[in-house]
Amino acid sequence: MTTRLADIAAQAGVSEATVSRVLNGKPGVAATTRQSVLAALDVLGYERPVRLRQRSEGLVGLITPELENPIFPALAQVIGQALTRQGYTPVLATQTPGGSTEDELTEMLVDRGVAGIIYVSGLHADTTADMQRYERLRAQGVPFVLVDGFSSKVQAPFISPDDRAAMSLAVTHLVSLGHTRIGLALGPKRFVPVQRKIEGFVRTVQEQLDLSAETVEKELVQHSLYTLEGGQAAATALIERKCTAVVCASDMMALGAIRAARQHGLEVPRDISVVGFDDSPLIAFTDPPLTTVRKPVPAMGQAAVRTLLEEIGGTPAPHSEFVFMPELVVRGSTASAPGERGRS
């Protein structure tokens, strides 16, 4: 028991006496300190005493796409932790190819009496999808928040990264390194984040490299799938169009772009620079470590939960879009353009 108290105290950053007070349900411990001790118990794999098990305020559904892209589990973890801190129990529902659809998952969650639902990169991001499904959900009295992708047809709070600014950061960085032939690899055009990234990319390339919008869209933008293989295919096309740098709409696509470069006998970043998007967990440890535009996942996840709980509590958030600024993280996959190296 003494060893356990010492372990928990060290993990939580508090005294053993404080841990003892929390475990025995004694008063006089701040809520944040109590939460730190409970988190330490969980991290170390100890079972919580029965008296410390919290009664759930209710279930909250979280519907995400597949979990192969590590940015989705990262976002799910932030949202799940934020919900748990507020006393709610998160229910993760994941879409998989050939599995349940978003509508089926929604129906399942509503049938289980969830207090609300958070959608991540759902059909709301698809400009060709029928948005009436969300109005029907609202008519049922189920609060919801939509993450990644905006639609003026849906009366709900939206949480988004600034995709246009993300492309401006990436292109400006590459232009500063002397690149004048920069490609963009991204997913299908029907999705709102893709359209916004194209807008930001085209505008920044126009401004900084004096190319026409038509030339940029025709020669430097390549659509594919949001997968490693998709990034590889898109980057292959851009390499064949003599691009010396490729901006990718996800880190997974960027890893595919690096593979494509190597298949063409090119070295990253000596012969070609690659920039990702998301800053997924572990992406700093790739070979080379990936330069990427960091999606503000903690801020977005916490905002989604805060907004949903306001809706659940009867204080609806404004039916508008909350936009969060991304950040450029420079690592080892970008360098001076090949022709610039001798001069710099």
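Asp210 is exposed, with a relative accessible area of 70%, where exposed means over 50%, buried means under 20% and partly exposed lies in between, for a 1.4 Å probe and protein chains only. This residue lies in the loop between α8 (192–209) and α9 (213–220), the helices (H or I, at least four residues) and strands (E, at least two) being DSSP runs numbered from the N terminus. The model is a predicted one, in which local features need pLDDT of at least 70 and side-chain atom pairs count only at pLDDT 80 or more, while totals for chains, interfaces and linings use all residues. Residues are numbered from 1 along each chain as its sequence is written, and side-chain values use heavy atoms, with hydrogens and water left out.

The backbone of Asp210 has a phi near 55 degrees, a positive value in a residue other than glycine. Most residues other than glycine have a negative phi, and most peptide bonds are trans. Asp148 also has a positive phi, near 70 degrees, but this residue is buried, with a relative accessible area of 6%, in the loop between β4 (144–147) and β5 (158–161). Cis peptide bonds are found from Val268 to Pro269, with omega near 10 degrees, and from Asp287 to Pro288, with omega near -5 degrees. Pro269 belongs to the loop between α11 (251–263) and β9 (273–278), and Pro288 to the loop between β9 and β10 (291–294).

Which residues of α3 are buried? They are Val37, Leu38, Ala40 and Leu41. These residues cover an arc of only 155 degrees around the axis, which puts them on the same side of α3; the arc is that of the directions from the helix axis to the C-beta atoms. On the other side of α3, Ala31, Thr32 and Val43 are exposed. After α3 comes Gly45, whose phi is positive, near 80 degrees.
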